[in-house]
Amino acid sequence: MKTTTRSPRTLPLRRSLVSLLTAGVLGLGSLSAAAATEMPPLPEVKGDVVQGNGKDYSLKFNIGLTQSSAQYRGLEYFKKIVEKRSDGHIQVQMFHSAQLGDDLQSVSALQAGTLEMTSPSTSPMVNMFPQFAVFDLPFLFPKPEVADKVLDGEIGQRMLKEASTKGLVAIGWSENGYRQLTNSKRPVSKPADLEGLKIRTMQNPIHLDIWRTLGANPTPMSFAELFTALEQHVVDGQENPWITIKSSKFNEVQQYATETNHVYTPFITLVSERFWNRLPADYQQLLRDAAKQMGDYERHVSRSMNDQIKQELADEGMQITELTPAQVKVFQDKLEPVYADWRDKIGGDLIDSIRQAASSAQ
């Protein structure tokens, strides 16, 4: 086990006191913002202008993460592609931080036709599409390139088709990434360290099963409520990718982290079927192309920033525990019953095909 520590830092002011900051402190905040992690530049848009039907369209695209996330950066690229290649006939309005609702609320809004696009994590959607639970199985993808092969290949494309029902059209994948554990109580290097910890999870039954099996007390909760719940100690910890931990400022209220890489979670790009059916075929294909390019770029942003952000979190005072292969094996062995419990519910053939693809990709 390797533990990365830095000298203690001054505890951050609670968000409720932001309005009381002095002008001098605000000035320091501006300097801090200027030193924030720099995103990779947006690529140039390639491809000819797509001829539509002469009509103008406006679409609202809502995501759960903040403006400083890789997901939002990908959305900026999507907007750039769609507006340029439609010659301005499609306008994209971007909404972040669950401004128009969390993942499940956004999906419901797509079904109702009151929202045009969203890109939720697959995890909260397991009740709608049980096969998505495969992405929540622990330690399924040993490295991100394996996930790419599965999602961009026949398996992932088949799953997009299967998800294009119930008022939704699924047009692409992007990356939430590997989930890491944080908490405010103690370092975690073995399952016994989790005993009794209240860990926020997504509204997903397999995640609940994972953390119960490890000895924690899982607490499903909307992402939009999470910072306040951590700050007020309603829950002790949470699990998300490094970039989400940083962009959501969870390190302000979480002292300890463990690099577990326990679950790789994708985002799925969804369009309201009602909106989709109003678009001419050429514009439908434009959205598909833009979603693919957005996903590829967003993965690049996520991965290029991952190690940098992990180091920044350590520099800012978070104590990060890096597990050895032997320690990871202890967690894997402890979680074997989860595979047994969910094999029939998810589909053994799907699990086996992904494991086979993962094995051949290494």
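**Close-up views of a predicted model**

View 1. A314 counts as buried because its relative accessibility is 1%, against a cut-off of under 20%. The structure is a predicted model. A314 belongs to helix 10, which covers residues 281-315. Y256 sits 58 residues away from A314 in sequence. In space, the C-alpha atoms of A314 and Y256 are 9.8 Å apart.

**View 2. A98, a loop residue with positive phi.** A98 lies in a loop. Phi of A98 is about 55°. This value is positive, although A98 is not a glycine. Most residues other than glycine have a negative phi. A98 has a relative accessibility of 16%, so A98 counts as buried.

**View 3. F139, a non-glycine residue with positive phi.** F139 is placed in the loop between strand 4 (117-118) and helix 4 (144-152). Its phi is positive, near 60°. F139 is a residue other than glycine.

**View 4. The whole protein chain, for context.** The chain has 13 helices and twelve strands. Of its 362 residues, 55% are buried. Among contacts with a separation of 6 or more, 78% join residues 24 or more positions apart. The accessible surface of the chain is about 15900 Å². Carbon and sulfur atoms hold 51% of that surface.

How values were computed: Residues numbered from 1 in each chain as written. Predicted model: local features only at pLDDT ≥ 70, side-chain atom pairs only at ≥ 80, totals over all residues. Heavy atoms only, no water. Helix = DSSP H or I, 4+ residues; strand = E, 2+ residues; numbered from the N terminus. Buried < 20%, exposed > 50% of the residue type's maximum accessible area, 1.4 Å probe, protein only. Contact = heavy atoms within 4.5 Å. Areas by Shrake-Rupley, 256 points an atom, 1.4 Å probe, with all protein chains shown as cover.
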